[in-house]
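Please read the points below alongside the model.

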Amino acid sequence: MTEVQNSPAVAPAAAGPSVKTGRRSHVREAATGWLFVLPFAVLLVAFLLLPMAYAFKISLYRSTLIEGEVFAFFDNYKQAIDDPLVREGVVRVLIFGLIQTPVMIGVALLAALLIDAATSRFSRFFRLAAFVPYAVPVVIGTLMWGFLYSDSIGPFSGLGIDFVSSDTVLASLGNIVTWQWAGYNMIVLYAALQGLPRETYESARIDGATEVQIALRIKTPMIASALVLATLFTIMGTLQFFTEPLILQPLNPGAITQHYTPNVYAYQQAFSFQQYNYSAAISFLLGAVVFIGSYIFLFATRKRSALR
Amino acid sequence: VNIGNFSARRVSRRSVVAAVAATALALTGCSSGGDDDKPAEKPTGPVTIKVWAWYPEFQGVVDNFNATHTDVKIEWTNAGTGQDQYTKLQTALKAGKGAPDVVMLELQEIPTFALTKHLVDLGKYGANSVKGDYVEWAWKQVSSGEQVYAIPVDAGPMAMMYREDIFSKYGLTVPKTWDEYKQQAEKLKTASAGKSFITDFGANDGGFMSGLFWQAGAQPYTYDLANPTSIGVNVNSAEAKKVIEYWEGMVGAGLADTTAFHTTDFYNGLGSEKYATYLAAGWGPGYIQANAAKSAGKWKVAPLPQWVAGENKQGDWGGSSFAVTDQAKYPDLAAKVAMEIFGAKNTDAWKVGIDKAFLFPTATPVLESDTFKNKQYDFFGGQKVNEVFVPAYNAIGPFAWSPFNSYNFNQLTTNINQAIEKKTSWTAALDTAQENVKTYATQQGFKVQ
């Protein structure tokens, strides 16, 4: 505005824009827009798109100790699809996701509804307490649980349960993940609950609804989009399961194998065996699985959520 | 990077600038490593040689070296233990920059790094002149003919550490053969009502299992860097199967435990009365001392049980060396550092190495010195344990490693661990490892025999 006042020469043009200046101002607007987007775009290109393009490129090559690097087209992908170890990992994370996701969202929703209903000092403390595990770095949290699971120094050592045998370890890992992330999801859902209009509850109460009915029939459907979002993040997280199994691996390498999840397998291929090309192919395949899985979920819940 | 010590050093302005630049470049992941064959022109003042190693108490060795040398200065970095360091090293070597001049390599890793031609032939820089300081098997681990890929530092001849208190409590005798070992294990199981195991079989440690194979005379690989594209794979040899069958029986009968090595539960087992013996390497005394302090004074060392009574067959578990990478700007000076830092004549370094870091030296003059051979260890109730380890070291035979040792160890540990977990046949697991290694080697372009 001040610019217009200080330079009257521009004023007539602004009053009656000709076609020419209109186009120019469009260009200028577009340029301004790009300028605003620039910081994000640079980061996106430099740290996501370029590395992805590079990874895709190396996934098309094959490098051997004797012959060096040769162009292999989609051979690595073919090998990964045929690799029983990749398949075993994919099946494991799918099963894990199928069990883990409802448990996680159930726990988070229950906690969110409870602290939303109660507005005592206790609820504030509980909210913080449930959120604290999320503030603990994943590596530290997992190491801590590793000690808790120990059968010589752990608090449950007297029970005679081996928490890291091949039968129990997936559940033990699920427990760690729930501990770590349920609080975070709870906060997401709780924030959504806080945004709902309170009058709705009042009218429900007048209509004779109990608190449980309000929680299940009013509140839960109204935060459907937050639920979908939390579920989506959980699905993505479980499919890319990596840190926890990698950290607990030394406790029982027979149960948590080097191909326990696709990500662990890709990591091992790259950093233990220097099979960067094959590792890149596995990562891209996993990316495709995550993408398809997320899409199926969004498609299935499209009526409930605002996310499409 | 030892930035803390840096300012205290009395160095010329030029080398300060060079070192600062090198540090900064190392931090950003790039450095000016020259890969010309000719050594670059030397600057005036001491040349900085970057060293990666994870020996305990290594700072003392470095300080000592720097105080006694005017032409070179070591800049030491602990870039992680074992695989962590190798991962960083592989990445830096592949990138062509960021690798140190001199690097600590475990003996089993040398062919892996030598195959990709990232190690400087130290033979060109006079390394063959120190050959006489080492016994044959140790020198063979680091060389191929006149080519020398690394200078040996420490080794891990195996022996049996046992708890004297548990042995006398249950009336066990020190076994001389593996048959006797099993008998004592049965006796222990009955007498302790299953509370104590004769030992723990750490199937997560490829070096440990390879050491036992080594003792039994197995040769999993036939490989010579002089003919780098051809490899013999015999992972499931009769000798290796003999070892694996024996331990399958021990574990199956509940005589040996299978807790993973280097875990809290394992250390607690050593400190408590859970394990009566520990099949240890030469570096074991220092390692156990640090991790199972509760049991100090109760341990003794005896030779590893034999497969045939009266024989003296031995194996090695672990050990390391110093190699020079192709990114060294002054390979002659880097080679000098590699040869001297834990050299046979460097008694000051070995004083730290033996007394503080508990390394088991490979250089014969150090091994045979009175200070080492007659050293009494309080942890072993005053026993001169090197009277057991030194003869064991000298009796070790040759053993070749594959140029893809991570894969080799991975196959061993994964398949045996899975067999333990699923209670399936261990020898079948060894067959699987053999097949997988052969497939892998073929895929990598080797001529497999």
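1. Salt bridges between chain A and chain B number zero.

2. This is a predicted model, in which local features need pLDDT of at least 70 and side-chain atom pairs count only at pLDDT 80 or more, while totals for chains, interfaces and linings use all residues. Residues are numbered from 1 along each chain as its sequence is written, chains are lettered from A in the order in which they are written, and side-chain values use heavy atoms, with hydrogens and water left out.

3. Chain A brings 30 residues to the contact and chain B brings 29, contact meaning heavy atoms within 4.5 Å. About 2300 Å² is buried between the two chains, with 54% from carbon and sulfur atoms; buried area is the accessible area (1.4 Å probe) that two parts lose on being put together, summed over both. Of the area that chain A buries against chain B, 27% comes from L65(A), I66(A) and F273(A), more than from any other three residues.

4. Over all chains there are 15 salt bridges, each a side-chain nitrogen of Lys or Arg within 4 Å of a carboxyl oxygen of Asp or Glu. One of them joins K336(B) to D71(B), with the closest N and O atoms 3.0 Å apart. K336(B) lies in helix α13 (residues 331-340) of chain B and D71(B) in the loop between α3 (58-68) and β2 (72-77), so the pair ties together parts 265 residues apart in sequence. Helices (H or I, at least four residues) and strands (E, at least two) are DSSP runs, numbered from the N terminus.
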